[in-house]
Amino acid sequence: MHLYNLTLQHPTASPQAIVGNFSGARQQEIIISHGTRLQLLRPDVQTGKLSTIIATDVFGSIRSLTAFRLTGGTKDYAIVGSDSGRIVILDYDPRTSSFVKIHQETFGKSGARRIVPGQYIATDPKGRAVMIAAVEKSKLVYILNRDPAANLTISSPLEAHRNCSILHHIVGVDVGFENPMFAALEVDYTEADQDSTGEAAANAGKLLTYYELDLGLNHVVRKWSEPTDPKANFLVQVPGGQLASTERFDGPSGVLVCTEDHIIYRNADTPQHRIPIPRRKHPLGDSGRGLIIIAAVMHKMKGAFFFLLQSEEGDLYKITIEHEEEEVKALKIKYFDTVPIASSLCILKSGFLFVASEFGNQQLYQFQKLGDDDDEKEFSSKNYPAFGMAQPSQPLPRAYFRPRPLENLALADEIESLNPILDAKVLNILPNSDTPQIFTLNGRGSRSVLRTLRHGLEVEETVSSDLPGIPNAVWTVKVRGDEVYDSYIILSFVNGTLVLSIGENIEEVQDTGFLSSAPTLAVQQIGDDALLQVHPHGIRHVLADRRVNEWRVPPGKSIVAATTNKRQVVVALSSAELVYFELDLDGQLNEYQDRKAMGSTVLAMSIGEVPEGRQRTPYLAVGCEDQTVRVISLDPDSTLETIKMLDAGINRNQPTTFVNIGLQTGVLLRTVLDPLNGQLTDTRTRFLGTRPVRLIRVQIKSQPAILALSSRTWLNYTHQNLMHFTPLIFDTLDYAWSFSAELCPEGLIGITGNVLRIFQIPKLGTQLKQDALPLSFTPRKFITHPGNTYFYVIESDHRVIGEDAAAKKLQELRSQKKAIDEAVLELSLEQFGHPKAPAGTWGSCIRIVDPIEGKTVRIIHLDNNEAAFSIAVAPFEARGNELHLVVGTAQDTLLAPRSCTSGFLRVYKFTEDGADLELVHKTEIDDVPLALLAFQGRLVAGVGNALRIYDIGKKKMLRKAENKTFGSAIVTLSTQGSRIVVGDMQESVYYAVYKAPENRLLIFADDAQPRWITCSTMVDYTTTAAGDRFGNIFVNRLDVKVSDQVDDDPTGAGILHEKGMFMGAPHKTQLLAHFHVGDLITSIHKVSMVAGGREVLLYTGLHGTIGVLVPLASKEDDHLAWRGYYVPVKAVVDGDLCETFARLPPAKQSAIAGELDRAVGEVLKKLEQLRVTASGF
């Protein structure tokens, strides 16, 4: 077996984001790390919208990312710490729109290791040095400078190692132009290592340490080290240093140490200031729970600075420091606003705040005000004895605030993110759809959603209006060539033409010079200020002063096809002759004397737009009834001569002209027209739909594009220098054209039956349209019903009070006459989340969803602190194969170590055709049921490490068979026949069989390698594909002989007496394929993505990845280090790497293609063919 891996949707999680002037222009950009991918975003200051400039795969894991600027420079660089054991400095080159590697210095082994630096990066604020550190022991400092040619240079690394120390955070200290300084939060474990009682580990203190880089002596020294709060977790740089011009200090220098419930200002040899972190006062919250800071950003303005810090509940606090020169007078904190929990915060100078959310969509906010003059209570270190440090080991009195909707920020833009995908299904249930949809469970807590993903571009409709009849074509036209917007809409009907003018309203006009009594074949704004109409009996040339020149068709003939551009017109007559006209310099249309006889009726024609600075376009393409496409020369020397068709390669250095050919069968052929000799080369085919293809040239974002109309509408356009071919998610169009008016400057106009529709495409470059349905808690799993289209979703959240328990607690508080802030209870859960409850408390529900309507049908909340973990639809033979819904729940569950007071199997009956559920009974079990599956008219359940078969009884489920010899906990189940494939949490995949005559469940094969399984699926009777927790996907196969032998043994006695191998089952599975995706796989499905296409393995990843593994017919090579992260890559080709071939410079492409003994066009064609036939993307 050989597989080809293709990523359909790249990861959208954003562990880190940085801001800077990466393009060197006077505007700021944002770089987001997506774990294995870098994306550069540019915000539009006027509209507040974010646009993607470039996204690049790095084929490695990005562990840290920071922006950096040399002293006096105007351009920022990105420094990347990864698992490659190297420090990499990237420069964004706006000319080629790519990241360029300036330096790549190796310092350690590859892989994410404890003592190899790369986990943390900190830069000197003045741009002279960078420190890169590991989780343990190792820290390296590199000096960065310029050479005489102003290029960035990097020194050899200087060591700042400290044995037996664990690092929690590092940050550069702002000391102006004195020696660069770095602050580190460290724990020394020397004593804890020697002490077996664990007492020293419990008392191990945290140290705040300053490391100084002595630029004169060229080495790093430990300058200062003092104990700080043992719960400190985060450092924030405070501005400092003197300005050379005024000798005024920028700030007091030093760091803010963020710890549980407090923020402390620290600097060497200066008094400390400590303030409490204000917290929400919620009647249902856990009052004993500490609060920590998880993200921070500092912003400097002229003569001032402030910090925004975010707590783990999403609340933003504004911190200011009152100081005189270098002396701190007070540290102040106040509540600012609440935004989604972020992994990074970035403030842009243009007044925006970018929130790289930990889960869910990324958001861009605009500052409305800075929260200076509101009545929010401010807490200052002045108000506490000794600036809050009178008793450092004792907490300060708690500070509270009241959360409120956004006041200082306003949402400007949102980037959709699939992170995290917790479960997915691939189904085709939407009406009128010929390709399957992907349904995913996304999000966390109250921001969770169920998404429907459809392949195609989203369309925004602005106008839809009925017409008096059914038109067969539509055009828009400008009156003058230099106008910005279109002036007329022309509609052609079977017996006439209607002209509408575009203004405040769209209304009919008569005096345009167009012939309204005949249908129209083509419309063109020609020359500077004239219009042209082609109708079956002639051509009308309407001049600016409304005079009309008309060319009439010879008697007995009519025009059957026409094509035009700004200077040329070609018409085909019913006698299979071509007539060619060209505009002369006086603005007159002149007919070329000879007519070209084609010998076969002309069905379609096309000429390109006139190239910049030219008089004409040299080639005409003609499609005839005899199934040929001919290219005809329009050059003055060889006008209307046919050029033969041969095959040759593409030259990348010249603009390429594509000839697109639509067939009656719904197939599109795309060939390349050679600009020198007019040959047609490099033909590619694609099936578009069931109707004959109609092709229309349109403008998208001022670039030429092609609309292909069949049973679906497809758009072929270029975006970020790559060609895309994507369907529109819209009704079938009969005809379409570009449309530009004030209401819709870059739109399209189309007709569907007798309806005129004006629409635009807002998100170019996307492959999937997303529709979201909000959920209450974190979704865990969902399942479909074989007889209806509803989804049954289970949701559960830890540390959240369920609905019934919350109502009970509030009633108790009210009966005790305690004051309850009702306004806090009414806050939006989506913005503020559920109040945090003590560990072991759960909120959970079962939700019935109608995915076609996109609405929730019914919610059933679970009581008694139960949480749902697994779900199955099972027909029970004992009840006449009636379908029941079984939900596995557990009460008072604790996560680490996993425990519960009791588990339950809840059995529900479907009522109202599946729109409601009725509880039949609930059976108590002894552990958490993590996997359930219907099996031969019964139910098979993974309860802890036991595999059990249950049958339905009158009052509870009856246990029929059990096997307790699995490794740790059963997380996945799949079955064929009497075979059950069991995925174990830590011990990979087991093959088990149920022998009914002896009522035995027996394990007969397992994996030689332990793996932490997250999902699995059976590819066939002997083969299983599974994903593990470390980002690997693998395929295991059982020997067919062993499989047959087990099936032929009626009682299982043979398996029972066989000797186990390697302390496990008697047989081992063989590893067929292995691939490191770099994302935790959450579901795998064996599906066909294209009608009539081959079956593929589609997988989803936690970070929002969606990919496919396509079976290959032949063996090929692959790059190994990153993709073979834990196990060498085996039998899988990395399609993402192959697809970077299209982005290489032409010389590089030719060299690679030469080594393969192929033309560049053939390689590109092969790659496109693989993607299209497998996924349709």
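In this predicted model, strand β34, which spans residues 421-427, is mostly covered, with 5 of its 7 residues buried. Strand β34 is joined by 6 bridges to strand β35 (residues 437-442), and the two run antiparallel. Within this pairing, A424 has T440 of β35 as its bridge partner.

An open sheet is formed by 4 strands, in the order β28-β29-β30-β33, with antiparallel pairing. The edges are taken by β28 (342-348) and β33 (409-415); each has a single partner strand, so one side of each is left without a neighbour in the sheet. From one strand to the next, the twist averages 20°. The contact between strand β30 (residues 362-367) and β33 consists of 6 bridges, and these strands run antiparallel. One of the residue pairs involved is Q363 with E414, the latter being the bridge partner in β33.

Cysteines were also examined. The structure holds 0 disulfides. C900 is accordingly in no disulfide, and the nearest cysteine sulfur, that of C845, lies 20 Å away. A disulfide is defined by two cysteine sulfur atoms within 2.5 Å, so a pair must meet that cut-off to be counted. C900 is buried, with a relative accessible area of 18%; the cut-off for this class is under 20%. C744 also counts as buried, because its relative accessibility is 0%.

Notes. Residues are numbered from 1 along each chain as its sequence is written. This is a predicted model: local features need pLDDT of at least 70, side-chain atom pairs count only at pLDDT 80 or more; totals for chains, interfaces and linings use all residues. Side-chain values use heavy atoms; hydrogens and water are left out. Buried means under 20% relative accessible area, exposed over 50%, partly exposed in between (1.4 Å probe, protein chains only). Two strands pair if DSSP finds at least two bridges between them. Axes are lines fitted to C-alpha atoms, for helices over the stretch in contact, and angles run from 0 to 180 degrees between N-to-C directions.
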